[in-house]
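Hi,

Here's the structure I promised to send over.

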Amino acid sequence: MVLLIRYGEIHLKGLNRPYFEKLQRQAIKRALRSFEHAQVEKGQGRFYVLGLADEEIPRAMDAVAKVFGLHSVSPAVEIEKDMDAIRQGLCKLAEEYMRRKGLEEATFKVEATRSDKRFPLKSMQIAADTGGYLLQNIPGLTVDVHNPDFRVYIEVREQCYGYVDIIPCAGGMPQKSNGRAMLLLSGGIDSPVAGFSIAKRGVELNAVHYHSFPYTSEAAKQKVIDLAELVSAYAGRIHLHVVSFTDIQMQIYEKCPHEMLVLIMRRFMMRIAERLAQENGCKAVVTGESIGQVASQTLDSLVVTDDAVSMPVFRPLIGMDKLEIIEIAKKIGTYETSILPHEDCCTVFVPKHPQTHPVLDKIKEAERVLEIDRLVEEAVQSVERIIIG
């Protein structure tokens, strides 16, 4: 049994396609690094994974399905390039599928593709021939070309590959194909989804988390590490930077107007994220903000936040509502961890009446009482670095 892997957008990359295919192969190999004998080979328009034991196939497919840049994966059998072998191979696949599903009767359709134009029969001829053979040799089968119970596929490429199941993959672009960005990662629902979404476009993730010990617990910090591990299953290795943020929050609380606390805090977060991004070769900062979701995410508030940095700020979730974000979080497996009841720094010293329509000049005036450069430098120096994945 081999894994037959189809990839997506890199088909469109023209002369740059070999570069993207190389990155894609490396990403598949990283996802399968725990499988000692797995071999990843590149074929014409496909990748193949060889050397897996039958019992490893389900777990390997689950790992491959999370690799960005891939369209779908199928457990396939190699079949000799001979019509008799193809007929018998597809017959066996159909029988095994019906047995696995407990079907005594079913409708089916054969779909064939022929990349090797030297093969004597065309795709439609292969499908008609093998479909007739299955119909004659498997009791209980009938043909339905429009809405069959299952399909049997045959691809004539370097070798012939037969399969029944097609498992969707994550899509997007290959890991590390579009630069690096710094993700602000909290313990909430939104920021892991934002990291997933930007990484899906081939962006390599670094992440920064603000930890306010003793107001936030070690359990809250571990929750963020767990979230980073869940995202790294899709995004690849993540360098997580945990910043000690307590002193900054105390200074803001003691010296600044309380209605401005959240925005001034967010401006410090952005400054620190930008510094860490510059030190780690990141080209942008990424947040999980969505317009209007909370007071600090009104359009006026986002303008004030962005003013603190010169680096581009990407917000993949900017136009999504909460239910859309939750749906993605459930799909990628971060939701149950995100809703664990551990506080984060954004819940510390929250004012009763935060500003929703701040004026930038007034925010700047209010934060002048703070030693901004010193506080940012001390925060950067406090960083604990954790490699995830």
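**Salt bridges and burial**

Glu-155 is buried, at 2% relative accessibility (buried means under 20% relative accessible area, exposed over 50%, partly exposed in between, with a 1.4 Å probe and protein chains only). Its side chain meets that of Arg-46 in a salt bridge, 3.2 Å from N to O (a side-chain nitrogen of Lys or Arg within 4 Å of a carboxyl oxygen of Asp or Glu). Arg-46 sits in the loop between strand S2 (39-42) and strand S3 (47-50), and Glu-155 in strand S7 (residues 150-156), so the pair ties together parts 109 residues apart in sequence. Helices (H or I, at least four residues) and strands (E, at least two) are DSSP runs, numbered from the N terminus. Arg-46 is buried too, at 13%.

Before you read on: this is a predicted model, where local features need pLDDT of at least 70 and side-chain atom pairs count only at pLDDT 80 or more, while totals for chains, interfaces and linings use all residues. Residues are numbered from 1 along each chain as its sequence is written, and side-chain values use heavy atoms, leaving out hydrogens and water.

Glu-384 pairs with Lys-221, with the closest N and O atoms 2.5 Å apart. That one links strand S15 (residues 384-388) to helix H6 (residues 218-235), with the two residues 163 apart. Glu-384 is partly exposed at 34%, whereas Lys-221 is buried at 13%.

There's also a network: Arg-267, Arg-271, Asp-307, Lys-364 and Glu-367 are joined by salt bridges that share partners. The count comes to 30 salt bridges.

Cheers
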